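Please open the model in your viewer and keep the selection panel at hand. The stops below go from a pair of helices to the nonpolar cores and then to a single side chain.

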Amino acid sequence: MSASPQPVLVACAHGTRNPTGRRLIAELALAARAQRPGIRTTAAFVDVQPPTVVDVVRGLADDATPAVVVPLLLSGGYHVHVDIAGAVAAHPRAVAARPLGPDPRLAAVLTDRLREAGADPADPRTAIVLAAAGSSDARSVADVERTAGFLQRDWAGPVTTGYGSAAKPTVPDAVATARSAGADRVVVAAYLLAPGHFHDKLQGAGADLVTAPLLPDERIAAVLLDRYDAAVTPASELSAG
């Protein structure tokens, strides 16, 4: 009997109209293939651009192809727990992996971006605002707070969180609070994979510095593969059932 096929890695991103953001997300999947030669990958999105994760999973189901959907998202919110979960629920040979974050490796990338922007981790008067897209899902907020905890390990100054939508405080409010608490310098750490609408808005949040997004970085491809690996065994069992 031939072995069951290795599940396809469906790299499922939010989607963006920003051409640089689209390129960086596409290159993340290519980086995963470079680290794991022979793995099969395809792209899907939950918003803004096609193909949708529902359509991609349905197409794989029509071919009886097992799949692992890895959310290229930094926390678990509506898109993870509703959109992606719903897409795989309709496909008996598909499973959803965990989102990329939280993960200490992402905090390490954030630290590098902060250093590149000119922030000094040893300066207790520099406050960091970890800026996430935001979600009304408490699980997503908890994931971002956990990432802030990872980041705090490397910084003498305070690390707090701010959100672009759906959660409080907003990034401008978090920046203002950091200043009122006595910070000489406030730096926004963009907790985003790639450029896009939200990163553009961060420039007007009132911080002294705003970091670049996380991509490109090979550590993120390694996290992506780890999420796939953690889900691939149950997916393979499903494909053999």
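Begin by selecting helix H4 (residues 104–117) and helix H5 (residues 138–152), whose axes come within 9 Å and cross at roughly 60°; axes here are lines fitted to C-alpha atoms, for helices over the stretch in contact, with angles running from 0 to 180 degrees between N-to-C directions. This is a predicted model, in which local features need pLDDT of at least 70 and side-chain atom pairs count only at pLDDT 80 or more, while totals for chains, interfaces and linings use all residues. Residues are numbered from 1 along each chain as its sequence is written, and side-chain values use heavy atoms, with hydrogens and water left out. Helices are DSSP runs (H or I, at least four residues), numbered from the N terminus.

Now show the side chains between the two helices: Pro104, Ala107, Leu110, Thr111 and Leu114 in H4 meet Thr147, Phe150 and Leu151 in H5, where contact means heavy atoms within 4.5 Å.

Next, select Leu72, Leu100, Leu193 and Leu214, which touch the most other members among the 47 residues of the largest nonpolar core, a core being a set of buried Ala, Val, Leu, Ile, Met, Phe, Trp, Tyr and Cys residues joined through side-chain atoms within 4.5 Å. Helix H8 (residues 218–240) gives this core its largest share, eight residues.

Finally, move to leucine 28 in helix H1 (residues 19–35), which is buried at a relative accessible area of 3% (buried means under 20%, with a 1.4 Å probe and protein chains only). Not counting residues up to four places away in sequence, leucine 28 touches Leu72, Leu215, Ile220, Ala221 and Leu224.

Conventions:
Buried < 20%, exposed > 50% of the residue type's maximum accessible area, 1.4 Å probe, protein only.
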